[in-house]
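Reader: I am new to this structure and would like to walk through it with you. Could we take it one question at a time?

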Amino acid sequence: MVSVTYSSTRGGQKNLDFRTVVMTGLAHDRGLFVPDSLPTVSMDELESWRSLSYPDLAVKVISKFVQEDQVPAEKLADIIKRSCAAFRHEDVTPVIKVGGHQVLELFHGPTFAFKDVALQMLGNFFEYFLQTGSNGGRLAVLGATSGDTGSAAIYGLRGKKGIDCIILFPRGRVSPIQERQMTTVEDSNIHCVAVEGTFDDCQDLVKASFNSPEFRDRVKLGAVNSINWCRVLAQTTYYFWSYLRVTDDSALKNEKVGYSVPTGNFGDILAGFYAKKMGLPVGKLIVATNENDILHRFFTKGEYHREAIAKSISPSMDICVSSNFERYLFNLAGNDASKLAGWMKDFETTKKLDISGDLLLQAQADFSSARADTAMTLEVIKDYNDKHGYMLCPHSAVGVSAIQQTADVNPSMVCLATAHEAKFPAAVKQAVPELPTPPKELNCLLELPTRVSNCENDLKAVQDFMEKRIAERVASEAA
């Protein structure tokens with residue numbers, strides 16, 4: 001069999017292989033890479049995976065996309081199993097019952113957030129591709145973070161030969177623990193950069209750098225944000241895993257499994273959408289947003305309108321434009337790249353995209369949505385601690401609030417717990433004054449020295465900083 005190929009949502013690059021799209025990140029026409037075809041999983045095949053460990057299941061899912069022509073089977077298994085070995089729980093992403101529904105705990109990785117699942121794998125894929133001829137062995141990763149991507153990328157890339165990792169974060173808009181997870185890493189290939197502005201400003205700087213061909217090619221630019229297809233692919237694995245764990249219960253054996261997903265950049269829930277299209281028996285997919293509710297407005301009214309970011313207690317969701325949403329819009333456009341490119345051009349000009357009629361009905365058939373503000377989020381955190389002795393982070397609580405609002409609290413509904421509550425003590429303390437002792441890995445961060453650079457919210461300033469840091473490190477290696 002031959003691996004799946006990929007094309008840009010905007011039509012400028014077509015039929016590229018997995019290695020190329022992982023190393024390229026953002027398509028050169030500013031689109032995102034999507035699979036040219038989706039492999040399928042039959043119910044018999046799915047059932048045959050039931051007894052597999054998480055790493056072995058992940059190998060089965062990812063090898064549907066990545067065959068021997070891209071990564072030898074033995075090496076693919078090694079990459080995935082080493083990535084999963086970084087997690088503290090033997091199930092990697094355990095599923096537990098709480099409050100009449102299921103919770104998929106995605107916070108057992110090195111940085112206590114769901115992004116570890118994908119970024120451990122992406123770091124190991126980068127390493128393998130560089131070792132086997134890509135980019136002349138060098139890669140300069142530029143990423144933007146609203147809190148969790150930065151530390152997960154750093155822990156996935158620290159110390160890796162040939163890779164420089166530069167992470168931009170909005171000053172004062174990530175939690176203190178999230179910032180320390182990034183700035184206490186001392187590896188010389190890691191560079192944390194505070195930018196005045198919002199996450200969307202940082203994300204715009206990353207995208208603009210990918211749209212600067214001379215700079216992009218000169219530094220050998222790579223992406224760790226969920227614009228990189230590998231991120232979405234890796235995340236499909238825990239949908240398959242959680243479906244099997246929920247349906248281990250004989251009473252739920254023939255049920256479709258629904259998912260409520262705290263959503264900012266749309267990559268996490270998009271992975272569930274692709275898993276469903278592959279044949280996984282998924283019921284509702286609920287987009288759960290905080291006050292920054294561009295996606296909720298889209299799925300309820302057909303209005304995708306960019307607005308100013310409201311600072312919230314769930315900072316990883318404080319996003320006003322969802323990068324991965326373009327992949328879904330491509331699907332909604334009937335995989336018509338010219339139509340999608342027109343939509344995106346209009347949106348970039350007017351900051352508005354509107355759909356109605358059959359298109360809106362289709363979107364509402366694909367996704368439900370709900371919005372939880374700060375008061376609702378804190379109420380859920382308090383309620384789950386008081387009634388169930390279970391702590392939720394502010395993002396995860398948004399997902400639980402969503403199923404309460406949509407009347408979907410049932411044993412076949414899974415809420416994704418996207419981060420450990422100890423990453424957000426100031427927020428959680430508003431609901432639960434007496435906090436549990438944080439994990440030692442987070443507690444010790446307060447005593448460690450930090451290393452951070454400051455940069456203007458300016459494209460040339462960021463690019464000059466990158467080139468200077470890369471040159472310094474290359475020179476020190478040569479000395």
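Reader: Happy to start with a pair of strands. Which residue of β15 stands opposite V195?

Author: Welcome! Please keep in mind that this is a predicted model. β7 and β15 pair in the parallel sense, over three bridges. Across from V195, the residue in β15 is C455.

Reader: What is the strand order of the open sheet of five strands with parallel pairing?

Author: Two of its strands, β8 (221–222) and β15 (453–455), are the edges, each pairing on one side only. The pairing in this open sheet of five strands is parallel. Read across, the order is β8-β5-β6-β7-β15.

Reader: A helix packs on that sheet, I see. What angle does the direction of α20 make with that of β6?

Author: α20 touches β5 (139–144), β6, β7, β8 and β15 as it packs on the sheet. Its direction and that of β6 make an angle of about 145°.

Reader: How far does α20 reach from its first C-alpha to its last?

Author: This helix covers residues 459–478, which is 20 residues. At 1.5 Å a residue, 28 Å would be expected, and the model comes close to that. The reach is 29 Å.

Reader: Which residue caps the N-terminal end of α20?

Author: Look for a side-chain oxygen that lies 3.2 Å from the backbone nitrogen of K460. The oxygen belongs to the capping residue, D458.

Reader: Which residues in α20 are buried?

Author: Buried here means under 20% relative accessible area. In α20, that label goes to A461, V462, Q463, F465, M466, I470 and R473.

Reader: Let us move to the other sheet. What is the order of the six strands in the open sheet with mixed pairing?

Author: Its edge strands are β3 (95–98) and β13 (368–371), each of which pairs on one side only. Neighbouring strands are turned by 30° against each other on average, with direction ignored. The order across this mixed sheet is β3-β4-β14-β9-β10-β13.

Reader: At about what angle does helix α10 run to β9?

Author: Helix α10 (residues 229–246) lies across several strands: β3, β4 (101–105), β9 and β14 (413–417). Relative to β9, the helix runs at about 135°.

Reader: Now for charged side chains. How far apart are the closest N and O atoms of D187 and R158?

Author: D187 sits in the loop between α7 (176–183) and β7 (190–195), while R158 is in the loop between α6 (148–157) and β6 (163–170), 29 residues apart. Both count as partly exposed, because D187 has 22% relative accessibility and R158 has 35%. They form a salt bridge in which the closest N and O atoms are separated by 3.1 Å.

Reader: Which residues are linked with R245 and D248 in a network of salt bridges?

Author: D248 and R245 themselves meet at 2.8 Å, N to O. D248 is partly exposed, with 41% relative accessibility. The network also includes E47, R50 and K253.

Reader: One last stop. Is V92 buried or exposed?

Author: V92 is found in the loop between α4 (73–84) and β3, and has a positive phi of about 65° although it is not a glycine. With a relative accessible area of 3%, V92 is buried.

Reader: What value is the phi of F266 near?

Author: F266 lies in the loop between β9 and α11 (267–278). At 1% relative accessibility, F266 counts as buried. Its phi is positive in a residue other than glycine, near 75°.

Definitions and conventions: Residues numbered from 1 in each chain as written. Predicted model: local features only at pLDDT ≥ 70, side-chain atom pairs only at ≥ 80, totals over all residues. Heavy atoms only, no water. Helix = DSSP H or I, 4+ residues; strand = E, 2+ residues; numbered from the N terminus. Expected span 1.5 Å × (residues − 1). Buried < 20%, exposed > 50% of the residue type's maximum accessible area, 1.4 Å probe, protein only. Polar contact = N/O pair within 3.5 Å; in protein donor to acceptor, adjacent residues only side chain to side chain. Pairing = 2+ DSSP bridges. Axes fitted to C-alpha atoms, helices over the stretch in contact; angles between N-to-C directions. Contact = heavy atoms within 4.5 Å. Salt bridge = Lys/Arg side-chain N within 4 Å of Asp/Glu carboxyl O.
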